Amino acid sequence: MASGKKTDSAGPSVSAQEALEFHAMGRPGKLEISPTKPMATQRDLSLAYSPGVAVPVKAIAEDPTRAFDYTTRGNMVAVISNGTAILGLGNLGALASKPVMEGKSVLFKRFADVDSIDLEVDTEDADEFINCVRFLGPSFGGINLEDIKAPECFIIEQRLRELMDIPVFHDDQHGTAIIATAGLINALEITGRDMKTTKLVCNGAGAAGIACIELVKSLGFSPENVILCDTKGVVYQGRTEGMNQWKSAHAVKTDKRTLADAMDGADVVFGLSARGAFTNAMIQSMAKNPIIFAMANPDPEITPEEVAEIRTDAIMATGRSDYPNQVNNVLGFPYIFRGALDVRATTINDAMKVAAARALAELARQDVPDDVAAAYQGMRPKFGPNYIIPVPFDPRLISAIPVAVAQAAMESGVAGRPILDLAKYANELSARRDPIASTLQRIYDRVRRQPKRVVFAEGEEEQVMRAAVSYVNQKLGTAILVGRDEIIRENARHAGVDINKPGIEIINARLSRRNIVYADYLYERMQRKGYLFRDCQRLINNDRNHFAACMLALGDADAVVTGVTRNYSTALEDIRRVIDAKPGHRVIGASIVLSRGRTVIVADTAVHDMPNAEQIADIAEEAAGFARRMGYEPRVAMLAYSTFGHPAGERSERVQEAVKILDKRRVDFEYDGEMAADVALNPRAMAQYPFIRLSGPANVLVMPAFHSASISTKMLQELGGSTVIGPLLVGLNKPVQIVPLNAKDSDIVNMAAIAAYSAGA
């Protein structure tokens, strides 16, 4: 039977009991409502409700657009269904659809930070449904219709779009169409086809099928080359049986009458029907290099294994996650609404859908980062027949698709609030999913203005090569890979990394013309520490950290990043043989912690195990200077288990002494201690000590020992949901950063950018 079954539900196999337990554990269901404003005091309540709430009420009454400023409307989407077409299960009613609608709301939040609420409307009458939804318009910034059977879904969406001034989007139709079209764009490129002459057959005249052929025609397909089929065969001009206005709009003049007739010689076939709809003979009859999208769920019209037995030249996509090229709606709807909401679009039009499809297609052509490879269990996909559609957990989706949608909305005249700086908007979008992004963006921006030569010391490692390519692609400067030329090139070829581009250099330590200079330099530093010249020569020849550090020390590079193949302390020991601390400075490790909208710098997280009072004071100065370079005015709290002498103890006395040392130094930043962490970070706890020197919550925390710093940052990361950058090396005379062992390419690029940023400081 022809249908428009959704494609965002396929995934790893789970048992019925497991699914039920998942939905029942803890609080039943998958959603909860959490306030975004404090509700701890009577004043908070007075502002949130009576009498304070009267002020925004009056403002909105005067100007309805202010609802976007003072309420959740601008980031709120309603997911609405009557349960007449739930997944592939059919008409099970409104209440039975609630788990699916809750799931949809969760996906909106998880992937695009769009708040969403599910509404189940208990009627199968289209007019009643329309009247119910239309009057809910003031509550939401957009309406996502879901699991409504055809043809009622067409009527409902069309009428609501006419009646409402916010986007109304039936995802079963347009979501599938957008993702399938993105894959089709890339499949056409791989097979060298021109869409104006490409012949496409769509089997399935339900919601998704109709939407697919409408979108490919908007993209540029010739209507006479697109044939629609249903359970009764080809939808041709003059046919009367089983027709409706939506099918009739796509009837073609042809003598073909059956699906088999239509597929004979076809270049592309879309399946939005049922298992077994495509036979071996049909697939065999298609043109050379056929493009087959078998999107019925949970079982496709024909499986990739079945197609492989018939021909080897096909490009395939399905709706399932256990095959390559999954047509998954979650690639579309969260990001499409994100872009539409952010420009306050009044509708989601064809231009926005095409823009989303093109942006998805373009993303699949880009080099794949480690985060995406992880979704493939370590297998790194590369643009080609088995990778024409991005995967749902690609972190780049959030900064690519909404931007394209927003731009199309503005260009097509449906945006109520244009975005003037799309590059800035993309950065803000990245920060929604990744709080590191906003902190790092100003670093990246400055490095682009002053590009730097960064040495990637472990140049033979795959993730290091990928990081180097990314560094160059982002116009941050020149990337120098240290290693054996033939090994680097062979590893790059095997991994599919293009290192043959301007801005990437390869240096073999043994063959470098600077080899003897570096050996002399190292020997001069180490000759009174038990090293012979041949020891230094061996280190330069064989140890890339020493070679890279000498490059930096002697001005042949601006910064170094290392650590992928060695633990932190070993890498730091290598670097310190070559590079000293800045005069008058102490080398420390500082981590940036981002949590609940707050950024805090924690020190020392890498170098000093149990610092004495003098060292704690030094660490405070270094951390404060680092905070200033990162753009923050430091408020330094020196932490302990006690607060201002209670309870007393030896370790707290060290911190008290460190405060006295800073007093004598007359430093130019706020500081105080000793204090417990809650006093340092919580204004209410801080208010108990009116004599405290800090003007507000601390943004620099100096730990009393390395172990407490390490434990606290890792605990915040795991239990508190915080994001931690670092530890970052601070205080060296030349910029070096050490990444964690086996770091991902994205982490290496970030550290390289931070090192380059420090080179210009």
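Which residues does the UniProt annotation "binding site" cover? According to the unreviewed entry, the annotation covers E146, D147, D172 and N297, with UniProt positions given in the numbering used here, feature names shortened, and annotations that may be inferred rather than shown by experiment. The model is predicted, so that local features need pLDDT of at least 70 and side-chain atom pairs count only at pLDDT 80 or more, while totals for chains, interfaces and linings use all residues. Residues are numbered from 1 along each chain as its sequence is written, and side-chain values use heavy atoms, with hydrogens and water left out.

**View 1. Two residues of the annotated binding site, E146 and N297.** E146 sits in the loop that runs between β3 (142-145) and α7 (152-163), where helices (H or I, at least four residues) and strands (E, at least two) are DSSP runs numbered from the N terminus. E146 counts as buried because its relative accessibility is 0%; buried means under 20% relative accessible area, exposed over 50%, and partly exposed in between, with a 1.4 Å probe and protein chains only. N297 is placed in the loop between β9 (291-294) and α13 (304-310), and its relative accessibility of 5% is why N297 also counts as buried.

View 2. E157 is buried yet has no salt bridge, a salt bridge being a side-chain nitrogen of Lys or Arg within 4 Å of a carboxyl oxygen of Asp or Glu. The nearest side chain of opposite charge belongs to R161, 4.7 Å away; for charge, Lys and Arg count as positive and Asp and Glu as negative, whereas His and the chain ends are not counted. The side chain of E157 does make a polar contact with the side chain of H174, at 2.8 Å, where a polar contact is a pair of N or O atoms within 3.5 Å and, within protein, one must be able to donate a hydrogen and the other to accept it, residues adjacent in sequence counting only if both atoms are side-chain atoms. Leaving aside residues up to four places away in sequence, E157 touches L145, V168, F169, H170, Q173 and H174, contact meaning heavy atoms within 4.5 Å.

**View 3. D44 in helix α2.** D44 is buried and has no salt bridge, the nearest side chain of opposite charge being that of R684, 4.2 Å away. When residues up to four places away in sequence are not counted, D44 touches P38, M39 and R684.

**View 4. Positive phi values at K475 and F644.** K475, a residue other than glycine, has phi near 60 degrees and is placed in the loop between α20 (462-473) and β12 (477-482); K475 counts as exposed because its relative accessibility is 60%. F644, likewise a residue other than glycine, has phi near 50 degrees and is found in the loop between β17 and α27, and with a relative accessible area of 24% F644 is partly exposed.
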